[in-house]
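Please have the sequence and the structure open while reading.

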Protein chains: 2
Amino acid sequence: MIDVQADAAHNRMVVTFVAEPALAVDAAMAGATVATERIDLRHHRGEHPRMGATDVVPFVPFADLPMSVCIDLAHDFGARLWKELHVPVYYYGEAARRVERRELEKVRRGGFEELFTHITDADRVPDEGPPELNPSAGATAVGARIPLIAYNVNLKTSDLQVAKDIAKTIRASSGGLPNVKALGFELADRGLVQVSMNLTDYRVTNIWKVFSAIRDEAKRRGVEVEASEIVGTIPLDAAVGVIKDAVVEPAFRMDQILEKRVWAAE
Amino acid sequence: MIDVQADAAHNRMVVTFVAEPALAVDAAMAGATVATERIDLRHHRGEHPRMGATDVVPFVPFADLPMSVCIDLAHDFGARLWKELHVPVYYYGEAARRVERRELEKVRRGGFEELFTHITDADRVPDEGPPELNPSAGATAVGARIPLIAYNVNLKTSDLQVAKDIAKTIRASSGGLPNVKALGFELADRGLVQVSMNLTDYRVTNIWKVFSAIRDEAKRRGVEVEASEIVGTIPLDAAVGVIKDAVVEPAFRMDQILEKRVWAAE
């Protein structure tokens, strides 16, 4: 177990664990079993979108594990969720069975309450199990994906429109940088605004690229970057990628990190 | 053993190994014993400065090991080198017994040949053993230090003077950036010049700072950076430091590297 995050407002717990592939599905089933027994979505309230007591289970490759292994694990886990706990399953991300289910937001739109009446719609039928929610535990999104990077850049202005405009300029959905989701927020207590991002594939668009783009866009508007913020963890190869880009060192490799070499020798 | 480098021109082998502190001195003694038996400096030729068959042995802290442990290891090892192999020892770096011996270059100046006649000079008397070289194995510099970073920046010009001028501007000894040694070289076969550096304390002056300084100095002279080159390994906290500086992320911590967290949990 390497990370647990929970808070009252979201009323939701995110558990991150690392396991050998052969043990990962059993471990995830152990967690899902407790969640199914203890959580009743008919009485659950929280700010975060959700459709299941076990809401979303992404299998993420660590180090050199191929994505195909994580896709297989997702499908094994999804089949067991339905068979053993009677929770219907939607596959998303790299594990999606339908192209329109690649994005988690699309799978989960409307959450438990909307899915209750719409699960029989042709486009919302689960990938595992019949078109019927588990009465208390709802349904689960099961996926495979590379690690996301949550990254924010704070700007020295109180003008929210600057952050919103820059977010729109750089986000993939408005034709900006690929694999970037971005929104503009106010940090009212600090008199700053923030461009808040998810980098959904750091191999395509990494931190340095979005930092430089935002810095340049801000400069064009006469605004300076105050600081940036990497939220949670990033994989070592993403860190190596930032250095490659920032100091133009295209040949820099992960095994030039001393600790990586030492750990590999153990 | 995590790295071995040797080449004919230098006629010299650099061996890097990682060990628990309790085993490090025995391991280093095993290597020094073979070197003392097999290498006779009276018949040795090579481009690199050297004064001993076992020329220099730095103890470098890994991860969270305090420097004081490495200083103690250096002194234990130095005492054994003299007692068991009859090789006199000079302590340098953090293990120096005299302030003027902190710099390895000063300890080793003139090499074996010069030391042969000057070891009895008041300022060249060894820290372990009498003022007399081991006839075939010379003397050894034993130290403690943080990891050095070897870092080069290539410039898109064939004008060697540009590299020499910039090297002079940024190096510590001419009043530039602290803990930076820098020289200008020609990369004749590529039509480029290079500022070649050793960063002797990346906690004070790290890669991003010298990269930015060189890029700006080059720009003032109408020259662009072609690329940069990190030679060998850098510690993970130096990599984290580059990211902190490059994207203005002062709160970024080593345990935000996913692998670091996973390895720490094992």
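Is H7(A) mostly covered or mostly uncovered? In this predicted model, H7(A) is mostly covered, with 10 of its 11 residues buried. The points below take that helix, the chain contact and the nonpolar cores in turn.

**Helix H7 of chain A**
- The buried residues of H7(A) include Leu236(A), Asp237(A), Ala238(A), Ala239(A) and Val240(A).
- Gly241(A), Val242(A), Ile243(A), Lys244(A) and Ala246(A) are buried in H7(A) as well.
- After H7(A) comes Val248(A), which has a positive phi near 50°.

**Contact between chains A and B**
- Chain A contributes 35 residues to the contact, and chain B contributes 35 residues.
- On the side of chain A that touches chain B, at least two residues come from each of helix H6 (207-220), strand S9 (225-231), helix H7 (236-246) and helix H8 (258-265).
- H8(A) gives the largest share of that side, 6 residues.
- Sorted by class, the side of chain A that touches chain B holds 27 nonpolar, 4 polar and 4 charged residues.

**Nonpolar cores**
- The largest nonpolar core has 66 residues.
- Val210, Ala239 and Ile243, in chain A and in chain B, are the residues with the most contacts inside this core.
- Leaving out residues up to four places away in sequence, Ile243(B) touches Ala239(A), Val242(A) and Ile243(A), along with Glu249(B) and Phe252(B).
- A second, separate core has 32 residues, among them Met51(B), Ile71(B), Val89(B) and Val142(B).

Terms used:
Residues are numbered from 1 along each chain as its sequence is written. Chains are lettered from A and ligands numbered from 1 in the order in which they are written. This is a predicted model: local features need pLDDT of at least 70, side-chain atom pairs count only at pLDDT 80 or more; totals for chains, interfaces and linings use all residues. Two residues are in contact if their C-beta atoms, placed from the backbone, lie within 7 Å. Helices (H or I, at least four residues) and strands (E, at least two) are DSSP runs, numbered from the N terminus. Ala, Val, Leu, Ile, Met, Phe, Trp, Tyr, Cys and Pro count as nonpolar, Asp, Glu, Lys and Arg as charged, and the others, Gly among them, as polar. A nonpolar core is a set of buried Ala, Val, Leu, Ile, Met, Phe, Trp, Tyr and Cys residues joined through C-beta atoms within 7 Å. A residue is buried if 20 or more other C-beta atoms lie within 10 Å of its own, exposed if 12 or fewer, and partly exposed in between; C-beta atoms are placed from the backbone.
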